[in-house]
Amino acid sequence: MREMLSYLAAALPARTSPPARLLALQCALRSTGPGEVNIPTGLLRGMRLGRDTAALSELQGARWLYSSAPPGPGGFTAQLLDVAVRMQAPTARDRSRAADWVLRTCHRRELRELDALSRLLALTLAAHVPPDWPGALASVEQEVLARMCGLQAQGLTPVLNVLVHARFLRSWAHGPAPEDLRWELAVQGEPDSDGSGLLA
């Protein structure tokens, strides 16, 4: 998951919105070898992206994918134009499991009513927690987290506070180096169990 989030941070324009980043993540993880992807309506609903076509239009405008028709009652199909995304390390089975983990994480009761930016940051934080120590403190550079979410580093603080208030995070703090950020998840267990091999 971290590799895919990092790749998308580099591949997508810096101003790509959180809903478009969440959609791009699902498209990348659910694409076939030739780059075809089918996103059903239920998945859009589960990701809290609704029937709005703005995220899809944004990805098309960035020339990251192409869809010949807007989302309909059954969802939409698209072709990834980013050839390099199909060369990322995870196998098809691992990608499928990761896509399911992303969906279930976004649908947690702590996150489901939050905005797309908060859910994107929650996914990014959860993906950086050591899989064998789900309750451990995690740490990463603020700039890395911000880039994965399309933010400036100073924009992290209010969103981190939202995640603490929602009880997704137990706490967060700056690390020994000012540029580092440390946090502890308040949530454990499902839906993270199937993601154990995918968070590295």
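**Basis of the entries**

I worked from a predicted model, in which local features need pLDDT of at least 70 and side-chain atom pairs count only at pLDDT 80 or more, while totals for chains, interfaces and linings use all residues. Residues are numbered from 1 along each chain as its sequence is written, and side-chain values use heavy atoms, with hydrogens and water left out.

**Entry: Glu110**

I placed Glu110 in the loop between α5 (92-106) and α6. Glu110 is buried, at a relative accessible area of 12%; buried means under 20% relative accessible area, exposed over 50%, and partly exposed in between (1.4 Å probe, protein chains only).

**Entry: the whole chain**

I noted eight helices and six strands in the protein. Helices (H or I, at least four residues) and strands (E, at least two) are DSSP runs, numbered from the N terminus. Along the sequence I read the pattern α-α-β-α-α-β-β-α-α-β-α-α-β-β. Of the 200 residues, 50% count as buried. Among contacts with a separation of 6 or more, 65% come from residues 24 or more positions apart.

**Entry: α2 and α6**

Two packed helices are described by the angle between their axes and the distance between the axes. For α2 (residues 18-30) and α6 (residues 116-127) I recorded an angle of about 45 degrees and axes 8 Å apart. Axes are lines fitted to C-alpha atoms, for helices over the stretch in contact, and angles run from 0 to 180 degrees between N-to-C directions. That angle makes α2 oblique to α6; angles under 35 degrees count as roughly parallel, over 145 as roughly antiparallel, 65 to 115 as roughly perpendicular and the rest as oblique. The crossing of α2 and α6 is left-handed, a term used if the near helix is turned anticlockwise from the far one by less than a right angle.

On the α2 side I listed Pro18, Pro19, Arg21, Leu22 and Leu25, and on the α6 side Ala116, Leu117, Arg119, Leu120 and Leu123.

**Entry: the sheet of β1, β3 and β2**

I found an open sheet of three strands in the order β1-β3-β2, with antiparallel pairing; two strands pair if DSSP finds at least two bridges between them. The edge strands are β1 (36-39) and β2 (65-66). Four bridges join β1 to β3 (residues 76-80), and Glu36 has Gln79 of β3 as its bridge partner. Helix α2 lies across β1, β2 and β3, at about 125 degrees to β1.

**Entry: the sheet of β4, β6 and β5**

I found a further open sheet of three strands, ordered β4-β6-β5 and paired antiparallel. Strands β4 and β5 stand at the edges with a single partner strand each, so one side of each is left without a neighbour in the sheet. The twist averages 20 degrees from one strand to the next. Helix α7 (residues 142-149) packs on this sheet, touching β4, β5 and β6, at about 80 degrees to β4. Helix α8 (residues 156-165) also packs on it, touching β5 and β6, at about 155 degrees to β5.

Turning to β6 (residues 180-185), I noted that five of its six residues are buried. Strand β4 (residues 138-141) pairs with β6 over four bridges, and Ala138 is partnered by Trp183. Strand β5 (residues 169-174) pairs with β6 over five bridges, and Ser171 is partnered by Glu184. A hairpin joins β5 to β6 through five residues.

Definitions and conventions. Contact means heavy atoms within 4.5 Å.
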